[in-house]
Amino acid sequence: SSGINAEYGPLDYFMPATLPNGRGKDSEETNSVNNPGVRVLITKTSDTWINVSEDVMFLPSEEGVFEFVHLHEVKHNHLYHVTCSAGTSTEVQLTDGEWRVTSLVAVTSSTVYFHAQRNPIQQHLYKVAISKPGHVTQLTPDGYFHTCTLNNSLTEFASVYSNSYTHYACSIFSLETGEKLKTITPTLR
């Protein structure tokens, strides 16, 4: 099929655009069809546009299996979990509805954390269990536009938030309970 193509695969499987022997990216060595070391997991084709800024995060998986979550726009941006093994792949939609996922924040083997806007003036941190598609839980308090970062141990998150009535603030929350642990107040000079 003609048009624009985009391919996704684990970073470890990508090859440099120019090989040490001087051959370029279109040589047989870098072509995934001719190189068994490169494995294409998803190919998208369009005659007009492919959103190549979609978020993709890989999950830890066993030998010969690749699992990842990606953000894909059909009508609204939503999350999909893909499992590839033995030449086949399955894709399960994790979120749906008349709202949009704005970014992936973190992925574990069982849970996906993401930002989403269920209304145009608020953004929140949410989670969805990979085993329970559609069961989305909001983790941040209503009434604000939140931008969140999770700590490395996935026990707490920092949220910088504001709305049209208040200045921005930063608070640390428990990822497990949602309890506000600390608020950091900016000093205006």
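**Close-up views of a predicted model**

**View 1. The largest nonpolar core has 15 residues.** Within this core, V69, L79, V112 and F114 touch the most other members. Strands β4 (65–73), β7 (100–107), β8 (111–119) and β9 (122–129) each supply at least two residues of it. Please keep in mind that the model shown here is predicted.

**View 2. Here we zoom in on V112 and its contacts.** Setting aside neighbours within four places in sequence, V112 is in contact with V69, L79, L94, L104, A106, V107, Y126, K127, V128 and I130. Another core lies apart from the largest one; it has 10 residues, among them L125, L150, F157 and L175.

**View 3. F58 and F68 make a tilted aromatic pair.** The count of aromatic pairs comes to five. For F58 and F68, the ring centres are 5.2 Å apart and the planes stand at 45°, so the pair is tilted. F58 belongs to strand β3 (residues 56–59) and F68 to strand β4, so the pair ties together parts 10 residues apart in sequence. F58 is partly exposed, at 32% relative accessibility, whereas F68 is buried, at 0%.

View 4. Y144 sits in the loop between β10 (136–138) and β11 (145–150), and Y161 in strand β12 (residues 156–163), 17 residues apart. Y144 counts as partly exposed at 24% relative accessibility, while Y161 counts as buried at 10%.

**View 5. W99, F114 and Y126 form one aromatic cluster.** Have a look at R118 too: it lies over the face of W99, 4.5 Å from the ring centre.

Technical notes. Residues numbered from 1 in each chain as written. Predicted model: local features only at pLDDT ≥ 70, side-chain atom pairs only at ≥ 80, totals over all residues. Heavy atoms only, no water. Core = buried A, V, L, I, M, F, W, Y, C linked by side-chain atoms within 4.5 Å. Buried < 20%, exposed > 50% of the residue type's maximum accessible area, 1.4 Å probe, protein only. Helix = DSSP H or I, 4+ residues; strand = E, 2+ residues; numbered from the N terminus. Contact = heavy atoms within 4.5 Å. Phe/Tyr/Trp six-rings, centres within 6.5 Å; stacked < 30°, edge-to-face > 60°. Lys NZ or Arg CZ within 6 Å of the ring centre and 35° of its normal.
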